[in-house]
Amino acid sequence: MTLFANAIETIQIGVEDLLRNDERRVLSAVRNVHAGVLLLCKEKLRRLSPDDEILLAQRFEPQPNDKGEVSIEAVGRNTVGVDDIKKRFKAFDVPLDWKRFDGMADIRHHMEHSFFKGGRERARQAVADALLVIRQLLVEALQEDPLTTLGPDCWTALLENADLFEAELQACRVTLEGVDWDTEAAARALPDFVCPSCRSSLVRQRDPNNRSQQNVALTCTACGENSELGPVLGLAFEETFGAESHIAVKDGGEPPISACPECGEETFIIAEGRCAACDFALPEDATCAICGNGLSAEEYYEHEGLCSYHAHVASKDD
């Protein structure tokens, strides 16, 4: 069986597993669809390889041959992993929705290792994310027709699953859109809300009529776990502000989000001077008693009105 045929068959089996009325097959569905997507990625690298499928090897090095020429040869038997695939797709300018790919992989990881309770909704989300990645790989990267390649039964099932998941997601989001969020950052992060237990985005308010952020109580439609707002915001902020935080740290600046000294969640918004998850906020006159410079939340809370430098100086004097 060719690599491409193996990829298609693996996806088809995963979809068949999802359609079965058997909770034991739910995890198998996610595993197979995820594995099939990885195989499609490898198929693209195989087609890009000049010869000997060299781009499928995890490592390759230049080697001299007996004619005095240089050839590129694989080193070892390991094939490419996800990180290598991402790097090679970038090098060859092959676009892919890695955010959805990583979302699918994250759900598979949590279902497989820690939090699996047979939740069909979690599998539905992973397969819904996979649909768009599969279509992008087949149509854009491999120039294959999804309907012809996967077959009408598999392709139709993928589309119907995605539609069903989207309807469930929108129903959950409606319960949150009416909340009067206390911070702009919380409202901005709403599309990135996920369950802390299973990483599903099917998170909703237990009381859909509540409008106060301070009274928000959440539950996950996928796994049934209840959650406070703080952990959900913490995970959402990682996604919403992740790129900005990376750039800030790289440039030696201050990240937009830090740990709240009051509740401990990574939800303190530097620009707003307050925590999105609790009532803690810096006073407007929060400055160092010695130098007059503005204080961070950590300095204000831990150093009793002194900046880090002068708190350090004071501790040495003691």
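**View A. Helix 2 and helix 5 are roughly parallel to each other.** In this predicted model, angles under 35 degrees count as roughly parallel, and the axes of helix 2 (residues 26-48) and helix 5 (residues 120-141) come within 10 Å and cross at roughly 15°. Axes are lines fitted to C-alpha atoms, for helices over the stretch in contact, with angles from 0 to 180 degrees between N-to-C directions. Helices (H or I, at least four residues) and strands (E, at least two) are DSSP runs, numbered from the N terminus.

**View B. Residues of helix 2 meet residues of helix 5.** Contact, meaning heavy atoms within 4.5 Å, involves residues of helix 2 including Val 26, Leu 40 and Lys 44, and residues of helix 5 including Arg 120, Val 127 and Ala 141. The residues of this contact divide into 15 nonpolar (Ala, Val, Leu, Ile, Met, Phe, Trp, Tyr, Cys and Pro), two charged (Asp, Glu, Lys and Arg) and no polar ones (the others, Gly among them).

**View C. Three strands form an open antiparallel sheet in the order 3-4-5.** Strand 3 (203-205) and strand 5 (226-227) are the edge strands, each pairing on one side only, where pairing requires that DSSP finds at least two bridges between two strands. Three bridges join strand 3 to strand 4 (residues 218-220), and Arg 204 stands opposite Thr 219 in strand 4.

**View D. Helix 7 (residues 152-177) packs on the sheet.** Helix 7 touches strand 3 and strand 4, and its direction makes about 40° with that of strand 3.

Residues are numbered from 1 along each chain as its sequence is written, and side-chain values use heavy atoms, leaving out hydrogens and water. Because the model is predicted, local features need pLDDT of at least 70 and side-chain atom pairs count only at pLDDT 80 or more, while totals for chains, interfaces and linings use all residues.

Note on methods. Angles under 35 degrees count as roughly parallel, over 145 as roughly antiparallel, 65 to 115 as roughly perpendicular and the rest as oblique.
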